[in-house]
Amino acid sequence: MNYLSIESVSKSYGSKVLFDKISFGLNQGNRLALIAKNGAGKSTLLKIITGKEIADFGTVTFRKDIVVTYLDQNPTFDPNSTVVEAIYNSDNPMLNAVRDYEAALTEFEKEYNDKTSLQLELCSAQMDKLEAWDFEAKVHEILQRLKIAFLDKKISTLSGGQKKRVALAKVLIDEPHLLILDEPTNHLDVEMIEWLENYLVSKDLTLLLVTHDRYFLDSVCTEIVEIDAAKLFHYRGNFQYFVEKKAERETMENSEIDKAKNLYKRELEWVRKMPRARGTKAKYRVDSFYEVKDKAFSKQTEEKLELGVKMARIGGKILEFDNIKKSFGDTKIVNDFSYIFKKGEKIGVIGKNGVGKSTFLNMVMNLDVPDSGNISTGETIVFGYYSQEGLKQNEDKRVIDVVKDIAEFIPLADGSKLSASGLLTKFLFPPSVQFGFVSKLSGGERRRLYLMTILITNPNFLILDEPTNDLDIVTLSVLEDFLTSFPGCLLVVTHDRYFMDKMVDHLFVFEGEGIVRDFPGNYTEYREKKEREDKINDKSIKEQINTSASFIDAKPFDKLNNLVSTKKLSFKEKFEFEELEKEIAKLEAEKLKITEDLNSATNNHEDIIKWTARIGIIISQLDEKSLRWLELSEGV
């Protein structure tokens, strides 16, 4: 079933052609990714598809009976609305029922009276009618997984990352037929990204997305469409398949162009020598000549990003942490942390959002000071700090002036010097862009310029805080190659698992409560080890549950209650859980009473038959209710 058709769509900005008469379609169940260099038009194409921009030529057609939801790279909300209002602002009947039920439950818990009780009863009845209890559980799971606990905050008070998570939660909750996502993993920690991967695949959603996260592409996408030189190339496979087939395509294209160039030389010689009298008769050959010429020069010389600036000399002493402690109120960032950096080390810093990774980097840069302990830096160390906030420049400043403010001429690794304009060209900023304003740069171009301003200071210790955000896959590959051969030290915080795996020798794992563990290996090796540990812990918990469940005493459930924990129960399930506890207690008491009566050796034959039948029913009911109690106890 076709959900989306793009036919002969073209878009240009002045003389710059983004794409020229491109066409592709999206069927139900497809998970398709758009890949291109920064500035090639990925986000523009998404905006054309969603109606936020108009194509110069061509048509975009959606199936009429489907719901389409779009996650913008920089989502916008009414700044005066609260988070809960932004999330529940929808025409979805089930979402409206959940919203009304949650509001009624909040009022009921604040003040119990006939009015709040009646309202909760009405909302619960509506939930029953729409069979929305599972939907409510899904809403809670999404909010919990994306760590959105700030429901009463106003949108205007949120950070960019928090807004992105709220927008992502909203599009996932809305359950559209077609979900269009622009950089969905930005501002998510690794745990959230991995959950999102599993969620999108398990729900069998139809997706159109743009992302630079290569592991995410590999796990989620089944098709990739590449925009290259204003044309479109389709690959039916994941990211790994795309890399292989793209290399094959480029090799074949280059071979065909080389053949066309050789043929062009022969045809050119013929055209020049052709007698004028035979011009009319040989028109077909002249036409063929121009076709060969077009083919021979179809591949423009591709400029490649070059990172090759000089590195300052690095001495014996680099960076030493001695019993560092840092807290904010009751929140411990690091507690008694010590480490001596060695030459050439490449260390990744991982942990959940909010555990203090950026604070740790700020302490390295002396932008923040520890509460106790000492940080000692070697005399030869030159830091290059690539912060998460990115380039902070006057929007009306010309790009070339940003570089000239640092240096007119920049020393390169080979000992030569290059002008600011020449270096900008190496960083893929042509003269037309160099003399333009910073305000005209795309997000990826700003990131590239920011990286350049750091590297030209000749650092020998690079500190990178989320360096992969907004950079295209080609630029990321060049950056990875540069960092692999970089002889200095590297300290990197990133949620890009592919980048982390390729770059680091070991990890600083921020586990919370000030605990920082030094793990010898990359991110994938750490995750594999953690999964093995989690399986062992889960097995141990299950064994304890089974052991506890085998005992029969007056309060068997108290033991179990401390051993299991998972998803939060809905109000209806909480009510059922509490009622089950009461019913089980009554049945246990009745069973005990009947057992005592049977042991009293009464001679009334009819009573014995009645009690025996009843105790059989009680045992059956206890088994059934206890099993249900165990299921619900996981959410308590």
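**Cavities, a buried arginine and a helix pair**

A search of the whole structure, which is a predicted model, finds 2 cavities of 30 Å³ or more. The largest cavity has a volume of about 70 Å³. Its lining comprises T185, N186, H187, L188, I193, H212, D213, E466, T468, N469, H495 and D496. Sorted by class, these lining residues are 2 nonpolar, 7 polar and 3 charged.

D496, one of the residues that line the largest cavity, is also among the contacts of R214. R214 is located in helix α8, which spans residues 214-220. With residues up to four places away in sequence left aside, R214 touches F239, I473, L476, S477, E480, D496, Y498 and F499. R214 is classed as buried because its relative accessibility is 2%, under the 20% limit for that class.

A disulfide is a covalent bond between the sulfur atoms of two cysteines. With a cut-off of 2.5 Å between the sulfur atoms, the count of disulfides is 0.

The description now turns to a pair of helices. Two packed helices are described by the angle between their axes and the distance between the axes. For helix α5 (residues 133-145) and helix α7 (residues 190-202), the axes come within 10 Å and cross at roughly 150 degrees. On the α5 side the contact involves K138, E141, I142 and R145, which meet M192, W195 and Y199 of α7. By class, the residues of this contact are 4 nonpolar and 3 charged, with no polar ones.

Key: Residues numbered from 1 in each chain as written. Predicted model: local features only at pLDDT ≥ 70, side-chain atom pairs only at ≥ 80, totals over all residues. Heavy atoms only, no water. Axes fitted to C-alpha atoms, helices over the stretch in contact; angles between N-to-C directions. Helix = DSSP H or I, 4+ residues; strand = E, 2+ residues; numbered from the N terminus. Contact = heavy atoms within 4.5 Å. Nonpolar A, V, L, I, M, F, W, Y, C, P; charged D, E, K, R; others polar. Buried < 20%, exposed > 50% of the residue type's maximum accessible area, 1.4 Å probe, protein only. 1 Å grid on protein atoms, 1.4 Å probe; cavity = no way out; pocket = protein on both sides within 12 Å on 5 of 7 lines; lining within 4 Å. Points joined across faces, edges and corners; volume = space filled by probe spheres on them.
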